[in-house]
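Reader: I have a model open and want to learn how to read it. Where do we start?

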Amino acid sequence: MASPQLDLVPQTDDIANIYATDEDNSAGVISPDIQARWSRLLARFTSLYNHPPDWVARSPGRVNIIGEHIDYNLYDVLPTAISVDVLIAVKAVASDGPEAHIAIANVSPERFPSHRFALPRETDIEINPAKHEWVNYFKAGLLGALKFLRQRQESISFAPASLDVLVDGNVPPGGGISSSAAFVCASALAVLKANHHDVSKQDLLDLAVVSERAVGVYSGGMDQAASIFSTQGYLLYTRFFPHFSVQHVPVPKADKDITFLMAQSFITSNKAETAPRRYNLRVAECTLAAVMLAKGHGITLEKDSSSLGFSLRNFHHEFIRQKDRLDDPLESQLDAVIQITMDFLSAEEGYTREGIANQLEITVPELESRFLSAFPVQAERFRLRQRALHCFKEARRVLDFKACLSNTQKLDDGRIHYLGQLLNESQASCQSDYDCSCPEVDDICSIARRAGTWGSRLTGAGWGGCTVHMLPQTKVEAVTTALRDEYYLKRFPEMSEERLAEAMVISKPSHGSFMYAVL
Ligand code: NG1
Ligand code: MG
């Protein structure tokens, strides 16, 4: 059988909201080497299942350029999709029994073995987060998609289609660039399309954020937003307050071609295990800072959409409203809340539970049940001033970074260095005030800067994970060589070439999720 061809012309008429839009250069979305990977995927699918797929869903990994640990405070962030992605080829097939089934394989079957499982007709499929299987991420997207279809079709007799599925992902797993969001989004998209449903980006986002929690991860929303909404060549200015919205921010031309490099530290901070002392604790500290600042200024906060219901953005808004300054530019609003944080929150070694409870005029058990029980938190001291200062200043840096990109047709050297400085300041703040870096990440950033980056910082949750660097294309060779010699080979002399090849990813802002029809 001849290898099926990929339809490179997006079919904007039927699933316009997911396909590349008209103003995009759709031919540029897929380069010749990527086409080769797609062709291999189609050929593998055909030889495996004896028929070609109908659709290929794609969703990319993401990098957060700036705005770290502020999405759950409902402040704006600036991530973008990167060129590594998850491709899922799918075909709806006849069921061979009363129940539908899923046959799923991966192009690397040694690493990711094939599975086959039944789809219960009226109940949800089960996922065991304790059992770490690659197929869980597909199941998470499948679960979200089927729930969505059941609700939409308002009919319990909705019969999901049996599917043949083949997955090809090249986002390094566990590397801090959201292979999970890429996989879950692509899976949901593939299942929806195979069941004849054209989903909007907003619906896909909402269901993917909830789906990923089924795998045991609390998600702030930034990762899925970047994977779904990004557009090639643009950063995705993502807002969570007062509502979710996105704006595509171009990276203007410069004399030197600007590139982003992602470099893994290979230090893993397993969220499931460390969250009570790290990620969750930061969420709690920010919430407590917001509540303390509000109490100190006679403000009663209404609940918002953040995980614990009281975000720093919410306090900021109410404080500025009280001062009748809501028409002021956001930058000067932030300067005002930075000032009152320094005046009001203690610079001591952090607050105890008793100290916070006293100021809030509640008991310690009340404090614990209201703010420290939604998920486990382990801490003696709560560094409210440092965490709040990081968030407000990081939010300011996001605005400054975006303004610097937006106010010009061409980035001159001065502007480029200013952008790099904001990235470096973000790293310094993550290192000191937010305490979410680690010696290895600091080391990578220093090596990279010495070798010629404009700016280097951690990206994602931190405590290890991934770093992002802004550099001229002409310095890529020097920086990757320096990182290889001075970081990877030094710290991990035993590392295989295969792993080393996954350590660094070079990418320009890339396209978010899309779907291709196979003709
Ligand atoms: P990572 O750990 O890189 O997936 C996490 C959160 C984000 C955001 C960043 C910090 C999840 C799935 N993602 O990213 O929402 O809060 O940390 O900016 O938890
Ligand atoms: Mg993730």
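Predicted model: local features only at pLDDT ≥ 70, side-chain atom pairs only at ≥ 80, totals over all residues.

Reader: Which domains does the domain assignment give the protein chain?

Author: Domain bounds come from an automatic or database domain assignment. Here there is domain 1 (11-249 + 510-517), domain 2 (272-388) and domain 3 (392-507). The centres of domain 1 and domain 2, taken over C-alpha atoms, are 35 Å apart.

Reader: How many residues does the contact take from domain 1 and from domain 2?

Author: Two residues are in contact if their C-beta atoms, placed from the backbone, lie within 7 Å. Domain 1 gives eight residues and domain 2 gives 11 residues. On the side of domain 1 that touches domain 2, five are nonpolar, three polar and none charged. Ala, Val, Leu, Ile, Met, Phe, Trp, Tyr, Cys and Pro count as nonpolar, Asp, Glu, Lys and Arg as charged, and the others, Gly among them, as polar.

Reader: What is the strand order in the open sheet of six strands?

Author: Strands (E, at least two residues) and helices (H or I, at least four) are DSSP runs, numbered from the N terminus. Two strands pair if DSSP finds at least two bridges between them. The order is 4-3-5-2-1-14, with mixed pairing. Strand 4 (115-119) and strand 14 (514-517) are the edges, each pairing on one side only. Strand 3 (residues 100-106) pairs with strand 4 in the antiparallel sense, over five bridges. There, His101 stands opposite Ala118 of strand 4.

Reader: Which helix packs on the sheet?

Author: Helix 6 (residues 222-229) does, touching strand 1 (55-66) and strand 2 (78-93). Its direction makes about 125° with that of strand 1. Axes are lines fitted to C-alpha atoms, for helices over the stretch in contact, and angles run from 0 to 180 degrees between N-to-C directions.

Reader: Why does Asp124 count as partly exposed?

Author: A residue is buried if 20 or more other C-beta atoms lie within 10 Å of its own, exposed if 12 or fewer, and partly exposed in between, with C-beta atoms placed from the backbone. Asp124 counts as partly exposed because it has 15 C-beta neighbours inside 10 Å. Asp124 lies in the loop between strand 4 and helix 3 (135-153). Not counting residues up to four places away in sequence, Asp124 touches Leu143 and Lys147.

How values were computed
Residues numbered from 1 in each chain as written. Chains lettered and ligands numbered in written order.
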